[in-house]
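Have a look at the model first, then read on.

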Amino acid sequence: MGPLVSSADNHFICSAVLAHIILREKLHIFGILGCALCVVGSTTIVLHAPQERGIESVTEVWDLAMEPAFLFYAALVVTAVFILIFHFIPLYGQTHIMVYIGVCSLVGSLSVMSVKALGIALKLTLSGTNQLIYPQTWAFTVVVITCVLTQMNYLNKALDTFNTAVVSPIYYVMFTSLTILASVIMFKDWDRQSPTQVITEMCGFVTILSGTFLLHKTKDMADGSTTSMSTRLHKYSEEDGFGAEGIPLRRQESMRSP
C-alpha cells in the first residue's frame, strides 16, 4: 500500500512544482503547505507499511485472487461497473462527475492488483524462475489490458466533460481508497500489522488527502483572485469614466459620433 499511495502523491507534488517553475503558475503559501502535508503523509505511510510477503510463484498470487473474499469483491466491482456504464452513464454522465470517476476507480482497483501480480511474475522470471509458462500470468495480462483500456477511456471522458482541478482530487481519493481496500482483501496486509501501525497509516493517508485538497483549492483561489481582480479593474474604470484603453468614455462617445 505504501508505494502506491506515495507514488500517486508524488504525481500531485511534481505537477504543482513543475507548473510553478515551467508554466509560471503562482504557488500560493497554502499550496506549499499542501505539498509539505503530502510529503509528511507519504513518508508516514512508507515508514509504517508492512513488508511484502515472500511469493515464489505467480500461482500463489492466483490462489490469493481465488479466495472467496476477493472473488466477492471482484464480483461486486464488475457488477457496479456494468450498472454504471449501461444505466447511469447514458442518464447522468454529462451532469454527475461521480459516474465516470466511479467506473475509473472501481476498475482501477482491479487493475492495480493485476499489475502487482504481473510485476511479481516478471520479477521472478528475470531472476531465473520462468513464470511465462503458467496460464495465470497471461490471465493477469489480459485483465491488466482490459482494465487499463476501460480506465483510460472513462477518465478521458471525465476530463473532457468536467474541470480537471475537480476531477483529479476526487479521482485520487476514490482510486486510492478502493485500491487500498482491494489490497487489504487480497494480500491481507493488515493481518501482519499491529493496530497502532494501521492507525498510523490511516492518519498518513488522511494527511495526504488534506494536502491534495489544499493544492487544488489553492489553484482555484489563485484563478478566482485573478478573475475578480480583472473584473474589479473593469468596474472601477467604468465608474471613473475611463474605457478599456484609458480614454474617457465621453471622449470615446464623441469620437464615434459623426
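Is Val148 buried, partly exposed or exposed? Val148 counts as partly exposed, because its relative accessibility is 33%. For these labels, buried means under 20% relative accessible area, exposed means over 50%, and partly exposed lies in between (1.4 Å probe, protein chains only).

Before going further, a word on what you are looking at: this is a predicted model, where local features need pLDDT of at least 70, side-chain atom pairs count only at pLDDT 80 or more, and totals for chains, interfaces and linings use all residues. Residues are numbered from 1 along each chain as its sequence is written, and side-chain values use heavy atoms, with hydrogens and water left out.

**The overall picture**

As for contacts (heavy atoms within 4.5 Å), look at the ones with a separation of 6 or more: 78% of them are between residues 24 or more positions apart.

Val148 sits in helix H6 (residues 135–161).

| Pair | Apart in sequence | C-alpha separation |
|---|---|---|
| Val148 and Gly108 | 40 residues | 7.2 Å |
| Ser105 and Met174 | 69 residues | 5.9 Å |
| Thr43 and Glu201 | 158 residues | 9.8 Å |

Ser105 belongs to helix H5 (residues 97–126). Its relative accessibility is 0%, which means that Ser105 counts as buried. Setting aside neighbours within four places in sequence, Ser105 is in contact with Tyr171, Met174, Phe175 and Leu178.

Thr43, in turn, is part of helix H2. With a relative accessible area of 37%, Thr43 is partly exposed.

**Charges and rings**

How many salt bridges does the structure hold? There is 1 salt bridge, the term being used for a side-chain nitrogen of Lys or Arg within 4 Å of a carboxyl oxygen of Asp or Glu. Side chains of opposite charge can pair when their charged atoms come close. The partners are Lys188 and Glu67, whose closest N and O atoms are 2.4 Å apart. This pair ties together distant parts of the chain, 121 residues apart: Lys188 is in the loop between helix H7 (164–187) and helix H8 (195–239), and Glu67 is in the loop between helix H3 (58–65) and helix H4 (68–92). Lys188 is partly exposed at 25% relative accessibility, and Glu67 is partly exposed at 28%.

Lys188 also turns up in the surroundings of Ser183: not counting residues up to four places away in sequence, Ser183 touches Met113, Lys188 and Asp189. Ser183 lies in helix H7 and counts as buried, because its relative accessibility is 5%.

Lys116 lies over the face of Phe187, at 4.2 Å from the ring centre; the test asks for NZ of Lys or CZ of Arg within 6 Å of the ring centre and within 35 degrees of the ring normal.

The structure also holds 6 aromatic pairs. One of them is Phe70 with Tyr73, a tilted pair at 6.1 Å centre to centre, with 40 degrees between the planes. Rings of Phe, Tyr and Trp (its six-membered ring) pair if their centres lie within 6.5 Å; planes under 30 degrees apart are stacked, over 60 edge-to-face, and the rest tilted. Phe70 and Tyr73 are separated by about one helical turn, because they are 3 residues apart in helix H4. Phe70 is buried at a relative accessible area of 7%, and Tyr73 is buried at 8%.

**A nonpolar patch outside**

Finally, the surface. Ile29, Phe30, Ile32 and Leu33 make up a nonpolar patch there, with about 380 Å² of accessible area together. Patches are built from residues with over 30% relative accessible area and no salt bridge, joining like charges within 9 Å and nonpolar side chains (Val, Leu, Ile, Met, Phe, Trp, Tyr) within 5 Å. Ile29 is placed in helix H2 (residues 29–48), and Ile29 counts as exposed because its relative accessibility is 56%.

Definitions and conventions:
Areas by Shrake-Rupley, 256 points an atom, 1.4 Å probe, with all protein chains shown as cover. Helix = DSSP H or I, 4+ residues; strand = E, 2+ residues; numbered from the N terminus.
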